[in-house]
Structures are given as C-alpha cells and as structure tokens.
Amino acid sequence: MLYALSTVLVLAAEEAEETSNVGLVLPDPYELVAGIIAFAIVFFFVWKWAFPAIDKMLEDRQRAIKGQMEDAEATKAEAHSLLDDYRKQLADAKGEAAGIINEARSAAEAMKVDIVAKAQTEAEHITTKARQDAATERDRALASARVEVANLSIDLAERVVGENLDRSVQLGLVERYLADLDRMTE
C-alpha cells in the first residue's frame with residue numbers, strides 16, 4: 001500500500017514539475033513517504049503504549065478527584081450537622097440560661113418578701129418591747145415619784161404639826177388619795 005501511495009505521489013510530482021512550478025512547494029516524494037512511515041511508527045507507539053498510560057493516568061486522576069469531591073461533600077455534610085448541633089446546643093443553653101435567670105429572679109423576689117416580712121415582724125416586736133419598756137419605766141418613775149411626794153408631804157406635815165406622824169398610816173392615806181385621783185382621771 002505504501003508502495004502504491006509512493007508511486008502515485010512520484011508520478012504526480014513528475015507530472016507537476018513538467019507542467020508548472022508547483023514542485024517547488026511540494027516536498028520530495030521519498031522524504032514524504034519516509035515522513036509518513038516515521039509518523040505511522042511514532043503514532044503506533046503512542047497509540048499502543050502512551051495513550052493507554054495517559055488514559056489510565058487520567059482515569060486515576062478522575063477517580064482521585066471524584067473521591068476527594070465525595071470526601072469534601074461528606075465533610076461538608078458533617079460540618080453542617082455539627083453546625084446544626086452547635087446551634088441547637090446554643091439555643092438550649094440560651095433557654096436554660098433564661099430559665100436560671102427567671103428562677104433566680106423568683107428566688108430573689110421570695111427572699112425579698114421574706115426579708116421584708118421578717119424586718120416588719122422584728123420592727124413590730126422592737127416597737128412593742130420599747131412601748132412595754134417605756135410603760136414599765138413610766139410606771140416605775142410614777143411609783144417612785146408617788147413615794148417621794150408622799151415622803152415630802154409627810155415631812156412637810158410633820159414640820160407644820162411639829163410632831164412625828166405615823167409614817168405607815170400616812171403613806172397609806174397618801175396612796176389611797178392618789179388611787180382615787182387616778183380613777184378620776186381615767
């Protein structure tokens with residue numbers, strides 16, 4: 001076949017040289033045949049060994065990229081899952097914090113009410129005790145004043161009369177007079 005092709009080309013070249021200057025543009029037929037043969041040999045080796053190796057390398061690369069993309073998708077899905085979990089945990093934590101704050105407010109309010117109630121009770125107790133103490137002190141001062149007034153009255157009466165009077169009888173008389181006076185003022 002190559003022989004037939006080369007023969008056709010040689011004849012075409014000879015005919016072209018005879019009719020025009022096209023032969024100046026066309027290569028030598030033997031060089032053309034040698035080039036075609038060399039190209040066919042190189043193409044055969046490339047087609048036989050280089051293309052399968054290149055195909056295998058491209059397929060491996062494609063599989064690797066596909067695997068990496070699948071890994072990336074899995075990682076992305078896991079990241080989304082983790083993000084959703086974190087968001088859910090954050091929302092739960094916020095809800096729990098709000099619950100704790102509300103519980104603390106309620107406890108503080110209850111403590112406030114309890115403290116105010118205790119303070120009012122203690123204030124009432126102190127006021128009552130102070131009133132009782134004041135009444136007791138007033139009564140004691142009044143009794144002391146009565147005794148002092150009775151003694152002064154008896155001393156004055158003894159000076160006016162010029163004799164000693166029976167102090168116990170006179171004190172009883174003064175006490176009755178003061179008791180009558182108290183009943184009249186009430």
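F45 and W49 both sit in helix α2, 4 residues apart, about one turn of the helix. Helices here are DSSP runs of H or I with at least four residues, strands are runs of E with at least two, and both are numbered from the N terminus. This is a predicted model, in which local features need pLDDT of at least 70 and side-chain atom pairs count only at pLDDT 80 or more, while totals for chains, interfaces and linings use all residues. Residues are numbered from 1 along each chain as its sequence is written, and side-chain values use heavy atoms, with hydrogens and water left out.

On confidence, pLDDT is the predictor's confidence in each residue, from 0 to 100. The protein chain averages 88, and 90% of the residues score at least 70. Confidence is lowest in helix α1, residues 2-19, with a mean of 65. It is highest in helix α2, residues 29-161, at 94.

Now the aromatic residues. Rings of Phe, Tyr and Trp (its six-membered ring) pair if their centres lie within 6.5 Å; planes under 30 degrees apart count as stacked, over 60 as edge-to-face, and the rest as tilted. The count by this rule is 5 aromatic pairs. One of them is F39 with F43, stacked at 6.2 Å centre to centre, with 20° between the planes. F39 and F43 are 4 residues apart in helix α2, so about one helical turn separates them. For accessibility, buried means under 20% relative accessible area, exposed over 50%, and partly exposed in between, using a 1.4 Å probe and protein chains only. F39 is exposed at 58%, and F43 is partly exposed at 42%. The ring centres of F45 and W49 are 5.2 Å apart with the planes at 20°, so this pair is stacked too. F45 is partly exposed at 44%, and W49 is exposed at 51%. F44, F45, W47 and W49 form one aromatic cluster.

Next, charges. Side chains of opposite charge can pair when their charged atoms come close. A salt bridge is a side-chain nitrogen of Lys or Arg within 4 Å of a carboxyl oxygen of Asp or Glu. The structure holds 10 of them.

Within helix α2, D114 and K118 are 4 residues apart, about one turn, and they form a salt bridge with the closest N and O atoms 3.5 Å apart. D114 is partly exposed at 38%; K118 is exposed at 55%. R140 bridges to E137, with the closest N and O atoms 2.6 Å apart. These two are 3 residues apart in helix α2, again about one helical turn. R140 is exposed at 52%, while E137 is partly exposed at 43%. K56, E59, D60 and R63 are linked in a network of salt bridges.

Which parts of the chain does the pair of R167 and D155 link? The two side chains meet in a salt bridge, 2.9 Å from N to O. The pair links distant parts of the chain, R167 in helix α3 (residues 167-185) and D155 in helix α2, 12 residues apart. R167 is partly exposed at 31%, and D155 is partly exposed at 31%.

Last, E158, in helix α2. E158 is buried yet has no salt bridge. The nearest side chain of opposite charge is R167, 4.0 Å away; Lys and Arg count as positive and Asp and Glu as negative, with His and the chain ends not counted. Leaving aside neighbours within four places in sequence, E158 is in contact (heavy atoms within 4.5 Å) with E163, N164, L165 and R167.
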